[in-house]
Amino acid sequence: LDVVYLLCAVLTDQKVLLHSTEVSSLLPLAQALRSLISPLKHSSLYIPYLPTTLLSTSNAATLLNDSTQPYIIGIHSTLMQALAADGFSLGPELISVDLDRNELRPLQKAANALFPQVVAQLPNVAPPAAMLVKRLQLHVSAERFDEI
């Protein structure tokens, strides 16, 4: 995964979807993305973990694909599988990060002209996000979430 790509995505208000089978990995990565842009504030939609039971797959597909504002949303990988099983696909204007496979699906279509297309050429330069998550889990945990 390319941390530089994700950082640029957050700085240019792109839609970022994080998914993993380990829910405990979602909060540290989501929080790390917000922390990396400090002293700026991420003022868009921020849901570090969206429980699968809160939305039906059609409502989840609507939230992920039709949102008019940028977001950072973390979901369990079973929701991704449920979306695919029900015939829903992810929109081309969102970035999907699979933490289990250490894969990033970049934008297929830029949502705005501000997102630098050159950053898409850097996937092998920055450290993997999975390594970043493991390091940050020591400092950012669910118990300490209220402190942040």
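1. Two strands are taken to pair if DSSP finds at least two bridges between them. The present structure is a predicted model, and in it serine 20 has histidine 76 of strand 3 as its bridge partner.

2. The sheet is open and consists of five strands in the order 2-3-1-4-5, with mixed pairing. Strand 2 (45-50) and strand 5 (103-105) stand at the edges with a single partner strand each, so one side of each is left without a neighbour in the sheet. On average, neighbouring strands of this sheet are turned by 15 degrees against each other, direction ignored.

3. Strand 1 (15-20) runs parallel to strand 3, and six bridges join the two. Strand 1 also pairs with strand 4 (residues 94-98), again in the parallel sense, over five bridges. In this second pairing, lysine 15 stands opposite leucine 94 of strand 4.

4. The burial of strand 1 deserves attention. Six of its six residues are buried, so strand 1 is largely enclosed by the rest of the structure. In a regular strand, side chains alternate between the two faces of the sheet. Here both faces of strand 1 are covered: Lys15, Leu17 and His19 are buried on one side, and Val16, Leu18 and Ser20 are buried on the other.

5. Strand 2 is joined to strand 3 (residues 71-76) by four bridges, and these strands run parallel. Within this pairing, tyrosine 46 has isoleucine 72 in strand 3 as its bridge partner.

6. Helix 2 (residues 26-36) lies across strand 1, strand 2 and strand 3. Relative to strand 2, helix 2 runs at about 165 degrees.

Definitions and conventions: Residues numbered from 1 in each chain as written. Predicted model: local features only at pLDDT ≥ 70, side-chain atom pairs only at ≥ 80, totals over all residues. Heavy atoms only, no water. Axes fitted to C-alpha atoms, helices over the stretch in contact; angles between N-to-C directions. Contact = heavy atoms within 4.5 Å. Buried < 20%, exposed > 50% of the residue type's maximum accessible area, 1.4 Å probe, protein only.
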